[in-house]
Amino acid sequence: LGLPALPAQTPVRRRTRQIHVGDVPVGGGAPISVQTMTTTLTADVDATLRQIAEVTAAGCDIIRIAVPSQDDADALPAITAKSPIPVIADIHFQPRYVFQAIDAGCAGVRVNPGNIKKFDDKVGEIAKAAGAAGVAIRIGVNAGSLDPRLLAKYGSATPGALVESALWEASLFEEHGFTDLKIAVKHHDPLTVIAANRLLADACDYPLHLGVTEAGTAMQGAIKSAAAFAILLAEGIGDTIRVSISDHPVQQVKAGNHILSSLGLRPRKLEIVSCPGCGRLQVDIHRLAGQVEAAFDGFPHPLRVAVMGCVVNGPGESREADLGVSCGNGKGQIFVRGQVVRTVPESHVVEALLDEALRLTDEAPAP
Ligand code: SF4
């Protein structure tokens, strides 16, 4: 047909200023970071540190923890001392917790300067303390907590309302010469998130934190987040992400990593290429694909593993992958780098794939 051979391309990133959340650069061309929030009681230091270790192992770059009480603020030094990744303290109303968080070694603070200005105008003092300590500040505007003044002006949490609120809040810090900011404008509706972030990207050069807030249960929330993030990231917009699904933080991190690796914005670790199944199926492919994914969870080398239900597409996909299985007649043909190496009973497929993966990567240096 004479169609041009277009290579798959990763998006060109929008130019932003760069800030640092501890040792993680955000914006300015830095890799897009993945973050989540702990769900433990922050004051329970051991439980919080355990969960931080779990999300770190899953590929989380930055952890945010809520600080709603004095006990939580008092726990911050013990948490930051042992956390393997930078900690952002999430504070809504109490300026004194912000100062405690900065003193405790938090790498960032998420605040709502509008609230702080309203209740106890300490924005200038926070800017000074954060600036002196090299602590970044995230301004987060959520549809659910939009300033009533802007709600009245716009009628609802429109993209314009979210962006005006965010820029006004940023200006409260800018007045004091503080610009180590990143901004999030969040809504439960992906289309509003897309429109708001486009507006914000045009209006400022701060790094942007993407999120579809209260996105929903695991599948719906991950899809809503992926839909919004993919469009924005393809336009180069977005410097750090959080997938806000009603599921364990480890699942939020995994979803974030899948979105980034699908777009070529983060190296892929494990890719399962598995068929959806049809009337030709000769194996319980849904169960088998899940078992293979679970067996390879945390495998230290990047691998593409094909799990295919019959001989129609099975051999072709298996040949394209590092490892593969093409099932039929109660057996699985095991492929390694395009070659059939053995045929095993269906009940031994997972074990055989793991075995071959270990053999295959034995020669490769650990990443
Ligand atoms: Fe159907 Fe076979 Fe394709 Fe799976 S690999 S979807 S069973 S044709």
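Let's start with the largest pocket, which has 35 residues lining it; Lys 254, His 258, Lys 269, Leu 270 and Asp 297 are the ones nearest its centre. Keep in mind as you look around that this is a predicted model. The space in this largest pocket comes to about 1100 Å³. Sorted by class, the lining of the largest pocket holds 19 nonpolar, 8 polar and 8 charged residues.

Now move to the second largest pocket, with a volume of about 250 Å³. Here 16 residues form the lining, and closest to the centre sit Met 37, Asn 142, Thr 213, Glu 214 and Arg 242. What classes of residue make up the lining of this second largest pocket? You'll find 2 nonpolar, 7 polar and 7 charged residues there.

Next up is the ligand. Around it you can pick out Cys 275, Gly 277, Cys 278, Arg 280 and Leu 281, along with Met 308, Gly 309, Cys 310, Val 312 and Asn 313. Split by class, this shell has 6 nonpolar residues, 3 polar ones and 1 charged one.

Finally, have a look at a pair of helices. Two packed helices can be described by the angle between their axes and by how far apart those axes are. For helix H3 (residues 95–103) and helix H5 (residues 123–133), the axes come within 10 Å and cross at roughly 10°. An angle under 35 degrees counts as roughly parallel, so H3 runs roughly parallel to H5. On the H3 side, the contact is made by Pro 95, Val 98, Phe 99 and Ile 102, while H5 brings Glu 125, Ile 126, Ala 129, Ala 130 and Ala 133. By class, that contact has 8 nonpolar residues, no polar ones and 1 charged one.

Conventions
Residues numbered from 1 in each chain as written. Predicted model: local features only at pLDDT ≥ 70, side-chain atom pairs only at ≥ 80, totals over all residues. Heavy atoms only, no water. Near = heavy atom within 4 Å. Nonpolar A, V, L, I, M, F, W, Y, C, P; charged D, E, K, R; others polar. Axes fitted to C-alpha atoms, helices over the stretch in contact; angles between N-to-C directions. Helix = DSSP H or I, 4+ residues; strand = E, 2+ residues; numbered from the N terminus. Parallel < 35°, antiparallel > 145°, perpendicular 65-115°, else oblique. Contact = heavy atoms within 4.5 Å. 1 Å grid on protein atoms, 1.4 Å probe; cavity = no way out; pocket = protein on both sides within 12 Å on 5 of 7 lines; lining within 4 Å. Points joined across faces, edges and corners; volume = space filled by probe spheres on them.
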